[in-house]
Structures are given as structure tokens and as C-alpha cells.
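I opened this structure without having seen it before. These are my notes on what I looked up.

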Amino acid sequence: MGAWFSVELSVDVGPAAASDDVRATVDYGVVAARIVEMCTKQRVNLLERLAVGLAGMLLAEFPCSEVRVRVRKLTPPMEGLHATPGVEVTRRR
């Protein structure tokens, strides 16, 4: 499934802002790598399953209080319609 992703993490940026040290915050390169890994590890049929799975993984693995995941299908099988179906989920601790 070709998909477009948008991920937002709510994190306490105070320690990173004070120290200017990446170890004091979420390393977004690691987040991106985990998203790619999860999306290529198993095949899913529904955007809903993918979005919920990503949100759960992000909350479990990263120090964030809330995540918002948006997933849109790039090539939807919707003949005659010019739309981009998608789903958005928000999960909190």
C-alpha cells in the first residue's frame, strides 16, 4: 500500500531546550526508522489498522504523552473520484 504519513508527538521539550542535547528529547531519525520498519515488516489491508498500530508503537517506545498519526492512501482504488482517503488517530497515555 502506498501511503503518506504525518506523525505528531507531544513531548516535554524543556530538558532539550535547556541542554541543546538530542539525548534529552526524542530522536526523530529513530522515530522515522521505526515507522519505516513497522510499515515494511508486515502487510496490512486497512489504513485504520496501520494508524492504530503506529500510534501504539510510538507511545510504547518513545517518551511522549500523546501521538497523532495520519495515514493517507496514495493510490486508492476509487474509480472516478479524485480524493485521497485517509484516517487520523490520536492516542494518549
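I began with a pair of facing residues: Glu8 stands opposite Arg68, which belongs to S2. I note that the model is predicted.

I then looked up the strands behind that pair. S1 and strand S2, which covers residues 66-73, pair in the antiparallel sense over eight bridges.

Next I asked in what order the three strands form the open sheet. I found S1-S2-S3, with antiparallel pairing. Strand S1 (3-10) and strand S3 (86-92) each have a single partner strand and stand at the edges, so one side of each is left without a neighbour in the sheet. I also looked up the twist, and from one strand to the next it averages 10°.

Which strands does helix H3 touch as it packs on the sheet? I found that H3, residues 47-61, touches S1, S2 and S3. The direction of H3 makes about 150° with that of S2.

I followed the chain on from there. The loop between H3 and S2 holds Phe62. Is Phe62 buried or exposed? I read a relative accessibility of 8% for Phe62, and buried means under 20%, so Phe62 counts as buried.

I then listed what Phe62 touches, leaving out residues up to four places away in sequence. The list is Val26, Val30, Val31, Arg34, Met57 and Arg93.

Last, I checked one distance. Phe62 and Thr90 are 28 residues apart along the chain, and 15 Å separates their C-alpha atoms.

Technical notes: Residues numbered from 1 in each chain as written. Predicted model: local features only at pLDDT ≥ 70, side-chain atom pairs only at ≥ 80, totals over all residues. Heavy atoms only, no water. Pairing = 2+ DSSP bridges. Helix = DSSP H or I, 4+ residues; strand = E, 2+ residues; numbered from the N terminus. Axes fitted to C-alpha atoms, helices over the stretch in contact; angles between N-to-C directions. Contact = heavy atoms within 4.5 Å. Buried < 20%, exposed > 50% of the residue type's maximum accessible area, 1.4 Å probe, protein only.
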